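Open the structure in your viewer and keep the selection tool at hand. The stops below say what to select and what to look for there.

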Amino acid sequence: MMKEIVIEAEGLTKKFGDFIAVNKISFNVEKGEIFGFLGANGAGKTTAMRMLCGLSIPSSGKAAVAGFDVYKQTENIKQNIGYMSQKFSLYEDLTVKENIRFYAGIYGMSRASVKEKMNSLLDLLKMSNEENSLVKSLPLGWKQKLAFSVAIMHQPKIVFLDEPTGGVDPVTRREFWNLIYAAAEKGITVFVTTHYMDEAEYCNRVSIMVDGVIEALDTPTNLKKNYKAVSMVEVFLQLARGATRSSD
Amino acid sequence: MKQFIIFVKKEFYHIFRDRKSLLIIFLMPIVQIILFGFALTNEIKNSNIAVLDNSKDEATLKIIQRLDASRYFEVNTYLHAQADIENIFKSGKVRMVVVFPPNFYQSLLHSNKAQIQLLADASDPNTATTITQYATNIINDYQQELNGQTNIPYQIQPQLRMLYNPQLKGTYNFVPGVMTMILVLIAAMMTSVAIVREKEINTMEVILVSPLKPLLFIVSKAIPYIFLSLVNLITILIVSVTILDVPVKGNLFLLMAESLLFIITSVSLGLMISNFTKTQQEAQMFSLMSLLLPTLLLGGFMFPIESMPWPLQAISNIVPSKWFYLIVKDVMIKGLGFSQVWKESLVLVTMSLVLLFISFKKFKTRLA
């Protein structure tokens, strides 16, 4: 059975001067998939993701997101994706409700659907009591969960998560991943970068980037089998050992 | 349109939740205008002076009386010997000493000539020049009165009239100046900081990924600060009319319209600055350095541009504040109409358009 392809990259490359940040990467992501994008710091994950989101123009290669070309149709792409950045990106001096309304507003959601979404979202996050609290008063884990929920509120086809769980405790990370599963079940494709290897196990498929190149791409089970490893950490270490770049 | 409203609303949340900045924004104009209006004038009032009167006659008494009665001088010491002069200057108690020679009135009557010595502390040359000028005027007044009594043929009596500011009040100069300074500072600095903050707290990235149009982003960032600046403008006008007695001579609506134009120029400057700064502090510093200093030094209200060397005069032409200052002086103080300020207005319009065009072109919709 052919699955619908929502992200398609072929020979996608980004150069900054002489430095090749992303070197001819090719992959497909299917609808409803949780696609893990792994790599050490500086491997080129964020650059690759930015090209797919229309934040950065590729130097060469082809890519389409939700069927739209990353060179010419970035406006259409923006309508169809959600994005949560590496660093926390809600307004700390706005309340939970105001943040939700603002982001819903810039995606052009109608007042009625914002209202409906807001309630179900606050219930899901168990944050109904905090709806009028300023975001800066919330614990980091809550903020991250809120940021994720806001990123998928307008029901995008794909959501890009750039190291969404950085600095969050293991329990909250687990809860965060439950939110990701719930989103995937609703048919939202999840494209997530991480360097927590336990999180890699939660993905349907993972790609491992080393020095701007995709070294491996498969399901976690197959990867472990091919590299004769008991965990994803071992797989990763085997691949990343040869890396020459060390940081962003 | 809905996106626009929701964005502007968000911007106002930021403004009103930041109580400290809000207080500064609204108090700064009032404090500054009162400071400049009352404390920091370039008029020199109530200078303490000493008198060494070796004559003590009718004329010297009258002159001393007049000096004392004027708002410029306070005769606080009477000296008795030439030697005291040096000491009193050293003590710093007086700025000027007036010395009358013996038989002052006598020689005035008999030889038609008398001399008064004015000694001023010229360690501050500007003050010294100004106060000797004041004193000379007062003495001349007295002399003219005496002349009126006797008949001297062929006399030229200059009649001075100070137009637009008959009392030579410093506030007439400072109100337009402070207005210029506050509008450019608040509008440009706040706008640049507001945009750069989005970069700093990473919300910019999320906004760039969203379907929000860059133009809409820029406009909705600018609108709240244009509004705040208008509030400031009204405060300044109310304070200057009620407390400082500087009336709006010209058309109030023309003045408001010209100010709105200048606010837009300043906001465009702020947009420009936000394009090449990364942190809020950087934006703030850059605004201060690139706006406050040129406005103060080259805006024309602290130092007359005509007396600067030509390279500085040339540079002053690209300082928007200079043009707005001219407009405010013409409209507010002289009461002139649009036909007198259209050239300056055109300069501001052109500057705004160029700045807006560049900032919009340079606005990065992508991160790399």
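**Start after a helix of chain B**

Select B:Asn202, which follows α7(B) and has a positive phi, near 75 degrees. Helices here are DSSP runs of H or I of at least four residues, strands are runs of E of at least two, and both are numbered from the N terminus. The model is a predicted one, in which local features need pLDDT of at least 70, side-chain atom pairs count only at pLDDT 80 or more, and totals for chains, interfaces and linings use all residues. Residues are numbered from 1 along each chain as its sequence is written, and chains are lettered from A and ligands numbered from 1 in the order in which they are written.

**The helix itself**

Now select α7(B). Its 30 residues reach 41 Å from the first C-alpha to the last, close to the 44 Å expected at 1.5 Å a residue; the expected span is 1.5 Å times one less than the number of residues. Of the 30 residues of α7(B), 27 are buried. Buried means that 20 or more other C-beta atoms lie within 10 Å of a residue's own; exposed means 12 or fewer, partly exposed is in between, and C-beta atoms are placed from the backbone.

**The cores**

Next select A:Leu52, A:Val159, A:Phe160, A:Val190 and A:Phe191, which touch the most other members of the largest nonpolar core, a set of 135 residues. Such a core consists of buried Ala, Val, Leu, Ile, Met, Phe, Trp, Tyr and Cys residues joined through C-beta atoms within 7 Å. Helix α7 of chain B, residues 171–200, gives the most to this core, with 19 residues. Apart from this core lies another, of 18 residues, including B:Ile49 and B:Tyr72.

Return to A:Leu52. Leaving out residues up to four places away in sequence, A:Leu52 touches A:Ile7, A:Ala63, A:Val65, A:Val70 and A:Phe160. Two residues are in contact if their C-beta atoms, placed from the backbone, lie within 7 Å.

**Where the chains meet**

Show both chains: 24 residues of chain A are in contact with 21 residues of chain B. On the side of chain A that touches chain B, two or more residues come from each of α1 (45–53), α2 (74–80), β6 (81–84) and α3 (96–106) of chain A. α3(A) gives the most to that side, with five residues.

**A loop of chain A**

Select the loop between α4 (111–124) and α5 (140–151) of chain A, where A:Pro139 lies. A:Pro139 counts as exposed because it has 11 C-beta neighbours inside 10 Å. A:Lys126 lies in the loop between α4 and α5 too, and its phi is near 55 degrees, a positive value in a residue other than glycine. For a distance across the chain, pick A:Pro139 and A:Asn23: they are 116 residues apart in sequence and 38 Å apart in space, C-alpha to C-alpha.

**The two domains of chain B**

Colour chain B by its domain assignment, with domain 1 at 2–40 + 169–362 and domain 2 at 47–149. Such bounds come from an automatic or database domain assignment. The centres of domain 1 and domain 2 of chain B, taken over C-alpha atoms, are separated by 47 Å.

Which loop holds B:Asn46? B:Asn46 lies between α2 (19–39) and β1 (47–53) of chain B. Its phi is positive, near 50 degrees, and with 10 C-beta neighbours inside 10 Å B:Asn46 counts as exposed.
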